[in-house]
Amino acid sequence: MTIEVKNIVKKFGSFAALDNVDLKVGKGELLALLGPSGSGKTTLLRIIAGLDWPDAGEVTIDGEDALGHGASERHVGFVFQHYALFRHMTVFENVAFGLRVQPRAVRKDEATIRARVKELLDLVQLDWLANRYPSQLSGGQRQRIALARALAIEPRILLLDEPFGALDAKVRKELRQWLRSLHSEIHVTSIFVTHDQEEALEVANRVVVMDKGRIEQIGTPGDVYDNPATAFVHGFIGESIVLPVEVAGGSVRLGGQPLNITADGAAPGASKLFVRRHDMQIGPAGTGSLEGAVRHVRSFGPIQRAEIALSGGEGKTVIEIDAPRDRELQAGEIIGLQPRRYRIFAAQD
Amino acid sequence: MSTQTSFVTPAARLQAYASTADLAVSPPSARKVSDRARQAAASRDLRSEPGPIRFIIIALALSFLTIFVVLPLVVVFASAFSKGINAYFAALAEPEALSAIKLTLLVAAISVSLNLVFGVIAAWAIAKFDFSGKTFLITLIDLPFSVSPVISGLVFVLLFGAQGYWGTWLQAHDIHILFAVPGIALATIFVTFPFVARSLIPLMQEQGTQEEEAAISLGASGLQTFFRVTLPNIKWGLLYGVLLCNARAMGEFGAVSVVSGHIRGETNTMPLLVEILYNEYQFVASFAIASLLAMLALITLVVKTVLEQRLDEGQTPEGRSE
């Protein structure tokens, strides 16, 4: 099922939670809404579900206007960050809820409901918990039950709000892989909200990066990582080295010193140079366009992470780089640095 | 029990602690657990008061309770039965007494059931929705608690009395509110309104709206959501509020006294009858009725304790214990 969101505006008082947001989600996609807290991602999800209403704009699900219908008529599965399981019902009754509240004309008979619930509990591999109450389950189990409950109504789309936000790191990792394999099994169009870039890049087919109520970039995980469209995306996704530079006449200057890189068509004026930690090539002193003293080295696995105080600019600029271990760095050593891949964005303030 | 332990020396109690811990736990882990128990007991000793002071404080509290709560209760029952059991039941079988009991039950039934509905609606609106004037509404709900019951009764006299705002209109249409059951019910509803709403608001606020949102997104209608999700979640709190509301409704004196008119056998509730009989020196009859109210209080107390336990059990919502 496809979802289309057009020109959505939502204000809380004078604060614009969503500022003219457009988004298209294709059939069977697994889309991540990624952004820091307060970026409007959860609000957007709730508007699609019908739990919140926009001040302006359109939402269509499968070409059909959704804003004319309340949440109970949209046939949308919603999974809450804190699960929102019905605490007075058993796991079985929680999953059966959506089937039991259907209008009498379409409601299935008890045997069909039981079979369907059994099937869903099997799907989330928790059939042995059917008679427990939510308070007796672990966080990961609760989240899987919440998912089974949302799937019970055979939703047209599945919306997940920070589905793994309240879980510890290990369970989170397991559930991520599990969600991805579940999605390839049932193939329902899904959107999930997360502030965890690793989660978004690992699970989703496409990532929507949001900030301050606007969409900054939409692309595949590889796209948003390798070709960030804005300074915000570059800084938010992956670790970046950010240096304040000046662009003038096609050359890039750091603290007045020209760097041996091209401006790549960046507009003249105060700018920011973004380099990934592992895209900073190291060499002997005197080579490369930057020079710095190694202050501290930590080695783990295939890389060494070095803290480097750049020469010039009063030695106050300290960057962290990731270098391969073919050449072990020593603390105190002076090295040359050259950005292999980089992006220049205009400084915003 | 608590007075007993306060006499035991810290060292002895420490040992008692350790030995019970040893008994309760299987051998391999026993030492570890008892160590922890010992530490817990030791740190507790540091925080608590010395024995004599504890004894004095507890003795003070108990004697206060005895003088102000237990003694009056004993007096009520002693006076009621002072002329023997037969006199007691004869006093209760008087037509006036029976009429007062019936009226009290009727008024309580009306006011509790109406306040149940209004209280749930008010609590629902306050806890689950944001709207302007919410603080004002919460203050309004508390108003009956802060106003003297006599004033509460007087308000209705001013509204419905012969010289009141709607008095002439009511007289012209032969509608009796004051000095009749409707007036007594209205005054009681006013006085007891806060109980249900007040016991539900904090509970509903703590539970939030997520379960309701989940129910709606699963296709439930508003009514289905209320009866299948909201109501089961608040049932113990609701019963608690109803219980307190009922106790106050049956025991209300001030507001009812103003609007009742004291028509014998017609508009006297139990508390009013107790006063009348007492003023007429019919002590046995007066205390017999009073003993019924006292029993109501005792039953209320027991049920309240049970409900509070249930509420505490229900207070461990999923999501908190990770």
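**Ground rules**

I am working with a predicted model, where local features need pLDDT of at least 70, side-chain atom pairs count only at pLDDT 80 or more, and totals for chains, interfaces and linings use all residues. Residues are numbered from 1 along each chain as its sequence is written, chains are lettered from A and ligands numbered from 1 in the order in which they are written, and side-chain values use heavy atoms, with hydrogens and water left out.

**Confidence in chain A**

I looked up pLDDT (the predictor's confidence in each residue, from 0 to 100) for chain A and found a mean of 89, with 99% of the residues at 70 or more. Confidence is lowest in strand S13 (residues 257-262) of chain A, at a mean of 81. The highest value belongs to helix H2 (residues 91-100) of chain A, at 95. A reminder to myself: where pLDDT is low, the predicted coordinates should not be read in detail.

I take helices (H or I, at least four residues) and strands (E, at least two) as DSSP runs, numbered from the N terminus.

**Helix H5 of chain A**

I checked the length of helix H5 (residues 169-186) of chain A. The expected span is 1.5 Å times one less than the number of residues. For the 18 residues of H5(A) that gives 26 Å, and the end C-alpha atoms are 26 Å apart, so the two agree.

Which residues of H5(A) are buried? With buried meaning under 20% relative accessible area, exposed over 50% and partly exposed in between (1.4 Å probe, protein chains only), I noted Arg172(A), Leu175(A), Arg176(A), Trp178(A), Leu179(A), Leu182(A) and His183(A). By contact (heavy atoms within 4.5 Å), these buried residues pack against several elements of chain A, including strand S3 (30-34), helix H3 (110-123) and helix H4 (139-152). Strand S7 (157-161), strand S8 (189-194) and helix H6 (197-203) of chain A are also among their partners. Just after H5(A), I found His187(A) with a positive phi of about 55°.

**Where the chains meet**

I moved on to chain B, which has 15 helices and 0 strands. Buried residues make up 38% of its 322 residues.

The contact between the chains takes 22 residues from chain B and 27 residues from chain A. The buried area (accessible area, 1.4 Å probe, that two parts lose on being put together, summed over both) is about 2300 Å², and carbon and sulfur atoms give 53% of this.

How many salt bridges cross the interface of chain B and chain A? Taking a salt bridge as a side-chain nitrogen of Lys or Arg within 4 Å of a carboxyl oxygen of Asp or Glu, I get 2. Arg87(A) and Glu211(B) meet in a salt bridge at 2.7 Å, N to O. On the side of chain B that touches chain A, helix H11 (210-217) and helix H12 (222-251) of chain B are the elements that give two or more residues. H11(B) gives the most, with 7 residues.

Glu213(B) and Arg46(A) also meet in a salt bridge, at 2.6 Å, N to O. This pair crosses from helix H11 of chain B to helix H1 (residues 41-49) of chain A. Both Glu213(B) and Arg46(A) are buried.

**Salt bridges within chain A**

The whole structure holds 37 salt bridges over all chains. I picked out Arg156(A) and Glu64(A), paired at 3.5 Å, N to O. Arg156(A) lies in the loop between H4 and S7 of chain A and Glu64(A) in strand S5 (residues 64-65) of chain A, so the pair ties together parts that are 92 residues apart in sequence. Glu64(A) counts as partly exposed, at 39% relative accessibility.

Lys173(A) lies in helix H5 and Glu198(A) in helix H6 of chain A, so the pair ties together parts that are 25 residues apart in sequence. Salt bridges that share partners join Arg172(A), Lys173(A), Arg176(A), Asp196(A), Glu198(A), Glu199(A) and Glu202(A) into one network.

**A loop serine**

Last, I looked up Ser289(A), in the loop between strand S15 (280-284) and strand S16 (290-300) of chain A. Is Ser289(A) buried or exposed? Ser289(A) counts as buried because its relative accessibility is 18%. Leaving out residues up to four places away in sequence, Ser289(A) touches Leu259(A), Asn260(A), Leu337(A), Gln338(A) and Pro339(A).
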